[in-house]
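The sequence and the structure come next.

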Amino acid sequence: MSDIALQAEANNFLQHHPDTEAVDLLISDLNGVIRGKRIETEALHKVAKDGAAMPASVFSLDVTGKTVEACGLGLKIGEPDRTCALLPESLSAVPWQRRPTAQALMNMYEADGTPFFGDPRHVLAGVLDKIKALGLTPVVAVELEFYLIDTERDNQGRPQPPISPKTGKREQHTQVYSISLLDEYGAFLDDISAFTSEQGIPADTAIAEYAPGQFEINLKHQADPLAACDNGILLKRVIKATAEKHGMEASFMAKPYEDQAGNGMHIHVSLVDELGNNVFAEEDREFSQTLEHAIGGLLKLMPESMGLFCPNINSYRRMRPEYYVPMSANWGIDNRTTSVRIPASAEHAKRIEHRVSGADANPYLVVAAILAAMHYGITHGTDPGDRTENNAFDSESTPLPTRLVDALDRLNGSAILREYLGDAFVDLFITCKAEELAEFERHVTGLETQWFLTTV
């Protein structure tokens, strides 16, 4: 969209929201953490015309917000700015703010107008171009699990479930799919529904999940993977803000509790052709050969993609079979123990559910890796092998990395993913996460002190 069109969009928005005093300009870093700046409304037209300056080093931040200098985007090159352009049609009100505020998403560009290589949204856009070159459009939906937690920690500093707004007692039991639990947190969920509706985020189903205080909110399918991931990022922002409004915190940490289920991010994907037909469905067959090849690509590249699906130390704490977290590359029909599940559905809704990623992952990078693998499988006719029946945890299939160091090593050596995501981006991501891992491993934990201080 041209700067003239962006200025017209800004004018139209402010005409409908004349009380707006400030605008939050948002961009997702490698970790899926929203970064950006807040401007006064008077500056919005200038940003629409010229963009906003942000340092390139925003894409070399670790999860704590510290610049990883080894990435080469910080002091080494003088902390230069790049230009961030407003994303068309992303201006919306921020209804939970006391001061009338709007928000808009941005993309980062080089001085010559080319996409900045480290921006995860551009990485996804590059993969999407390859899919579209086949005459296909991915239809994508994001499902996010999260915990509501008390703002007060327990006597050992650990998180604890919230106090029920209805009973006044702390949540202690698992009530998966409980409607009464949704009723207990009805005011919280109603606010999420209202806020997402006002912001145009297509939130759909709310589910009580597999642990005390755990919920899942699903987004509707969209024939635009970029928009689907935009909404995944913005939904997290809504959920966190709404939890704060209700005196709680929301956590998308992969494994906040040692003895409870982790938080996953499941991705649903189908492919439609230029006539709008779902190419995963085929008359007189259970599903099409295109779907088989897409699954084949997903399974082949899954071990190499784990650093993107599970990008943090804590991500791998989630990988326990009793909590339905896949630990091998396998597939099945309507089987929630597999990493790639083909849900029971009508033919027009035939799709893949990718069940590996944690809710702590960056949705742009997760979907980029998924679409890259599907493209590879389709263009190379990759055989998925036999489907898994019954309990996949009892079957023999390709194991997935269960430590971050191994996952990063597999990603580093993946010529295929480097081709799809770009060498420069893969090197940036690995450098950032490897430094983060090294910093974590230098830390002496409380458990180490308990075990070894006076024992050895």
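**A proline in the interior**

Pro225 is buried, because its relative accessible area is 1%. Buried means under 20% relative accessible area, exposed means over 50%, and partly exposed lies in between, with a 1.4 Å probe and protein chains only. The model is predicted, so local features need pLDDT of at least 70 and side-chain atom pairs pLDDT 80 or more, while totals for chains, interfaces and linings use all residues. Residues are numbered from 1 along each chain as its sequence is written, and side-chain values use heavy atoms, with hydrogens and water left out.

Pro225 belongs to helix H6. Helices (H or I, at least four residues) and strands (E, at least two) are DSSP runs, numbered from the N terminus. What does Pro225 touch, leaving aside its neighbours within four places in sequence? Its contacts are Leu124, Leu128, Pro138, Val140, Val367 and Leu371. Contact means heavy atoms within 4.5 Å. The C-alpha atom of Pro225 is separated by 21 Å from that of Gly296, 71 residues apart along the chain.

Now follow the contact to Leu371. This residue sits in helix H8, residues 363-380. Leu371 counts as buried, because its relative accessibility is 0%. Beyond its neighbours within four places in sequence, Leu371 is in contact with Leu124, Val127, Leu128, Ile131, Pro138, Pro225 and Val269. Asn155 is 216 residues apart from Leu371 along the chain, and their C-alpha atoms are separated by 45 Å.

**Two helices**

Go to helix H1, residues 3-16. Its 14 residues should span 20 Å at 1.5 Å a residue, and its end C-alpha atoms are 20 Å apart, which agrees. The expected span is 1.5 Å times one less than the number of residues. Leu6, Glu9, Ala10, Phe13 and Leu14 are the buried residues of H1. Seen down the axis of H1, these buried residues fall within an arc of 130°, so they line one face of the helix. The arc is that of the directions from the helix axis to the C-beta atoms. An α-helix has 3.6 residues a turn, so residues three or four places apart point the same way. On the other side of H1, Ile4, Gln15 and His16 are exposed. The cover over the buried residues of H1 includes helix H2 (44-50), strand E4 (81-86), strand E5 (92-93) and E6.

Helix H5, residues 186-199, also has 14 residues. From first C-alpha to last, H5 reaches 20 Å, close to the 20 Å expected. Its buried residues include Phe188, Leu189, Ile192 and Phe195. Just after H5, Gly200 takes a positive phi of about 75°.

**A buried loop residue**

Is Thr337 buried or exposed? Thr337 counts as buried, at 12% relative accessibility. Its place is in the loop between strand E13 (331-333) and strand E14 (340-342). Not counting residues up to four places away in sequence, Thr337 touches Asn330, Asn390, Asn391, Ala392 and Phe393.

**Empty space**

Rolling a probe the size of a water molecule over the atoms shows where empty space is left. On a 1 Å grid over the protein atoms alone, a cavity is a set of points where a 1.4 Å probe fits but cannot get out; a pocket is an open set with protein on both sides within 12 Å along at least five of seven lines, and lining residues have an atom within 4 Å of a point. Grid points are joined across faces, edges and corners, and a volume is the space filled by probe spheres set on the points.

How many cavities of 30 Å³ or more are there? The count comes to 2. The largest cavity has a volume of about 60 Å³. Strand E1 (22-28), strand E6 (101-109) and helix H3 (120-132) give two or more residues to its lining. The second largest cavity holds about 30 Å³. Among the residues lining this second cavity are Leu30, Asn31, Leu308 and Phe429.

The largest pocket has a volume of about 1800 Å³. Its lining has 49 residues, of which Met253, Lys255, Pro256, Asn314 and Phe440 lie nearest its centre. H12 gives the most to this lining, with 6 residues.
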